[in-house]
Amino acid sequence: METGGAPARSGPADREPPARRVDIRDVSCPLTWARTRVALGQILAGETLEVLLLAGEALDNVPRTAEEEGHSVALREPWPDAGGRAWRVWLVKGAPRPASELLP
Amino acid sequence: MALSAAEVERYARQLILPGFVPLTQEFLRVARVHVVGAGEVGGPALLYLAAAGVGNLLVDDGMDVAPEDSASWLYGADQVGQPRVLSAIEALRATSSFSKARPYSSGAEPTAALICAAWSGTAREAAERARLAGIPHVVAVVDGEGGQVVSVPPGAPCYSCASRPGSGAVSRPGAAAAVGALGALELLLIVAGAVTGPGGRRIDLVLGEPQARATARVPGCPCGTGRSL
């Protein structure tokens, strides 16, 4: 399930609220990162995406993969309002990479 | 238009590939690829293109399904004698609901071409038509236990400059499928926008090992001027 708009709770005081939110608590790998990636494609470089996810595979892999692809993690905290295993992560979109990196 | 939830789910495994962004998938969705030949090379290539999400496949083959065409991955024994193009489209429709396959016809205005012709003369003619139409194209030809795949983005050396003579050996089905898959991959790189420069390349498949090299224009070839050969 994906929702837009502002996050339910405030984040770091020095950062703009997220431009978009994606909820990936109902899916597993590879859809966790696929949905996150699609949502990142819908915001601009420098903007923030809030990702609602579950502890475990998603929390282990989504922030790490985002950093490997040039984005940064601005916030990573439990989100008990949404259930015991729920976390939220803020990803700040990095600059796009050249398409030539696709070439083998 | 953004990807639907169903498309994200369908293509999740390639959407997570490094360098493959959602926009890449959208490029594939709007592509119209003219596929020349639906035999032992073209059959596997068509399946890969459909599975990858190429939105429009224009199938171009005037032959009927032969008993030996089971190597093409598309045809069942009960389809022998039927037109290849119709049987191929039926198989592709069963593969993906996101990819529309139809017979190629003049005026179809493809955005790219994948040429999997069984004969070198047919391949050259089809490649020349694609070059003169200004569309990127890839030519995949099987040769014995290997083959070659030549990529010709706009402005690159033409197929005649870039290809090398084959041995004429009888093709092996496994090699044909490998060459078809390589051809589909090369075409996907072009359609996805991953090939931005004017350079082409040729992949020689030798003893199962692909060897890629940049192609060069033969001195004096009129393809450098945009004229016909």
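**Figure 1. Order of elements in chain A.** From the N terminus on, chain A runs β-β-α-β-α-β-β, with two helices and five strands. Helices (H or I, at least four residues) and strands (E, at least two) are DSSP runs, numbered from the N terminus. This is a predicted model, in which local features need pLDDT of at least 70, side-chain atom pairs count only at pLDDT 80 or more, and totals for chains, interfaces and linings use all residues. Residues are numbered from 1 along each chain as its sequence is written, while chains are lettered from A and ligands numbered from 1 in the order in which they are written. Of the 104 residues in chain A, 31% are buried. A residue is buried if 20 or more other C-beta atoms lie within 10 Å of its own, exposed if 12 or fewer, and partly exposed in between, with C-beta atoms placed from the backbone.

**Figure 2. The helix pair H1(A) and H2(A).** The axes of H1(A) (residues 31-40) and H2(A) (residues 57-68) come within 9 Å and cross at roughly 40°. That angle makes H1(A) oblique to H2(A). Axes are lines fitted to C-alpha atoms, for helices over the stretch in contact, and angles run from 0 to 180 degrees between N-to-C directions. Angles under 35 degrees count as roughly parallel, over 145 as roughly antiparallel, 65 to 115 as roughly perpendicular and the rest as oblique. From H1(A), A:Thr32, A:Trp33 and A:Thr36 meet A:Glu57, A:Ala58, A:Asn61, A:Val62 and A:Thr65 of H2(A). Contact between two residues requires their C-beta atoms, placed from the backbone, to lie within 7 Å. The residues of this helix contact divide into three nonpolar, four polar and one charged. Ala, Val, Leu, Ile, Met, Phe, Trp, Tyr, Cys and Pro count as nonpolar, Asp, Glu, Lys and Arg as charged, and the others, Gly among them, as polar.

**Figure 3. The contact of chain A with chain B.** Chain A gives 16 residues to the contact and chain B gives 19 residues. On the side of chain A that touches chain B there are eight nonpolar, three polar and five charged residues.

**Figure 4. The open sheet of chain B.** Eight strands with mixed pairing follow the order S3-S2-S1-S4-S5-S6-S7-S8. Strands S3 (100-103) and S8 (209-214) stand at the edges with a single partner strand each, so one side of each has no neighbour in the sheet. From one strand to the next, the twist averages 15°. Two strands pair if DSSP finds at least two bridges between them. S2(B) (residues 56-60) and S3(B) pair in the parallel sense over four bridges, and B:Leu58 has B:Arg102 in S3(B) as its bridge partner.

Figure 5. S5(B) and S6(B) run antiparallel, joined by seven bridges, and B:Val138 stands opposite B:Ser151. The two strands form a hairpin with two residues between them, and B:Gly144 in the turn has a positive phi of about 60°. Five bridges join S6(B) to S7(B) (residues 201-206), also antiparallel, with B:Val150 opposite B:Arg202.
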